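Have the structure open and follow along.

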Amino acid sequence: YMGTLSECLFFFAPSPASWHCQQASRDVAPALRWVAPALAAAGAFGGLLLARRSIAPDAKTSRCLSAEIARYQRLAASLTVEQKEAVLTYGFPSTDYRTPSTAHDQLVPLLVYAVQALGLLARFGIPESVLYGAIIAAKAEYRDVPYHSFVHAFDVVQTLCVLLRHGPDYLPPLEQLVLIVAAIFHDVDHQGLNNTFHQKAATPLAALAAAAGDVPTLELHHCTRALAILADPRCDVFATLSGADRTLAYRLLFDAILATDMQRHAAICTEATAIVEAPGFAYDAADAAHRALARRLLLKAADVSNVTKPFAIAKQWGECVREEFWKQGDRERALGLAISPFCDRDDAVTLADTQIGFIDYVATPFFALLERALPRLAFPAVALAANRERWIAVN
């Protein structure tokens with residue numbers, strides 16, 4: 001049930017906890033007007049926009065949200081000192097937590113611990129339970145796919161926390177908070193099928209994005225799911241912000257999620273390069289353009305950081321990406337569609353070849369750009385070069 005988004009916005013409740021529909025707060029309206037080009041088509045396609053997944057939630061995620069928050073808060077007591085220390089480091093082994101288990105569930109309190117270490121909850125008076133609610137609600141909507149699962153979301157948020165700890169003055173606290181929230185939701189309800197598949201298969205989500213204009217299909221969907229979850233007071237991490245800050249937070253949230261579209265990667269890097277190569281460039285947090293640059297680079301760095309992690313972890317992530325691509329290729333073959341690059345499991349290209357190609361053409365130029373823009377974040381580029389040598393040895 002959706003009316004004009006900028007004035008009155010209703011959301012279907014996420015099914016795992018039977019959360020009720022509710023009207024979006026009017027202080028979000030200016031932010032919704034800002035994102036109107038991306039969401040204006042929702043009035044015509046409302047039912048398609050928030051189409052629920054065809055699989056039923058399992059018994060665990062069907063519990064009410066309040067009970068789940070309490071359960072995960074109790075689970076925090078099981079975290080060891082070693083786990084708490086490790087989650088604050090760049091090499092945290094997220095892939096060790098992929099299998100459903102108590103250890104997998106520990107990702108939620110571990111993520112809360114990593115965010116709390118930044119001091120943002122205390123700074124904005126955000127109750128710990130609200131952050132738990134947002135993460136738990138997002139976790140319930142991440143699908144069991146090889147790569148774009150909740151473990152990937154955890155890894156991106158955890159990596160972003162480490163990057164922010166290395167450069168705490170690159171962004172003001174409000175913008176740090178927005179990036180954390182964007183990272184939590186940036187791939188929520190990803191089906192393991194990329195934008196190219198949605199466009200080729202003419203899915204309802206692709207139809208919505210096309211009607212909205214030049215908007216990436218999946219990223220638009222992730223924005224709407226984020227808004228739906230944040231509409232629940234138990235998940236609203238922006239609730240304590242003033243009206244102006246709250247409006248700004250939503251505007252920056254949309255921009256951050258939409259910028260994670262890999263089809264926009266080259267354009268974003270070109271814009272960033274023009275800034276950092278300007279004569280006399282030195283990052284200045286007082287410059288709005290520099291902060292916009294930092295926000296996009298930081299979230300993107302966390303999103304593609306797999307190739308910069310310790311080699312054993314990077315290799316596992318590479319295998320996850322390959323499996324998800326292959327599953328997409330299987331779907332494309334079954335539908336009679338052209339198989340997308342790297343998605344044909346019968347192709348003889350090795351994992352090492354695909355990883356070296358990604359490192360050479362995407363990751364190396366990007367992390368060099370990150371180092372140029374934000375000099376205290378040079379360590380991912382160093383690790384990336386070492387991993388490239390390891391992949392060459394594997395080949």
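Predicted model: local features only at pLDDT ≥ 70, side-chain atom pairs only at ≥ 80, totals over all residues.

## Counting the cavities

Let's peek into the second largest cavity, which holds about 50 Å³ of space. Its lining includes Leu179, Leu252, Asp255, Arg295 and Leu299. Both α15 (243–258) and α17 supply at least two residues each to this lining, and α17 gives the most, with four. Sorted by class, the lining has five nonpolar, one polar and four charged residues.

## Two helices side by side

Leu179, Arg295 and Leu299 are among the residues lining that cavity, and they turn up again where α11 meets α17. Helix α11 covers residues 173–185 and helix α17 covers residues 288–303; they pack at an angle of about 30°, with their axes 11 Å apart. Angles under 35 degrees count as roughly parallel, so α11 is roughly parallel to α17.

Which residues of α11 and α17 meet? From α11 come Glu175, Leu179, Ala182 and Ala183, and from α17 come Arg291, Arg295, Leu298 and Leu299. As for handedness, the crossing of α11 and α17 is right-handed.

Now hop over to helix α4 (residues 65–75) and helix α9 (residues 128–141), which pack at an angle of about 110° with their axes 9 Å apart. Angles of 65 to 115 degrees count as roughly perpendicular, so α4 is roughly perpendicular to α9.

On the α4 side, the contact uses Leu65, Glu68, Ile69, Tyr72 and Gln73. On the α9 side, you'll find Glu128, Ser129, Tyr132, Gly133, Ile136 and Lys139. Here the classes come out as five nonpolar, three polar and three charged.

## The largest pocket

Last stop: the largest pocket, with about 1200 Å³ of space. Which residues lie nearest its centre? They are Asn194, Met262, Val321, Phe325 and Phe358, out of 41 lining residues.

Helices α12 (195–201), α14 (217–230), α18 (311–334) and α19 (351–373) each supply at least two residues of this lining. The top contributor is α18, with eight residues. By class, the pocket's lining divides into 16 nonpolar, 16 polar and nine charged residues.

Methods:
Residues numbered from 1 in each chain as written. Heavy atoms only, no water. Axes fitted to C-alpha atoms, helices over the stretch in contact; angles between N-to-C directions. Parallel < 35°, antiparallel > 145°, perpendicular 65-115°, else oblique. Left-handed = near helix turned anticlockwise from the far one by under 90°. Contact = heavy atoms within 4.5 Å. 1 Å grid on protein atoms, 1.4 Å probe; cavity = no way out; pocket = protein on both sides within 12 Å on 5 of 7 lines; lining within 4 Å. Points joined across faces, edges and corners; volume = space filled by probe spheres on them. Nonpolar A, V, L, I, M, F, W, Y, C, P; charged D, E, K, R; others polar.
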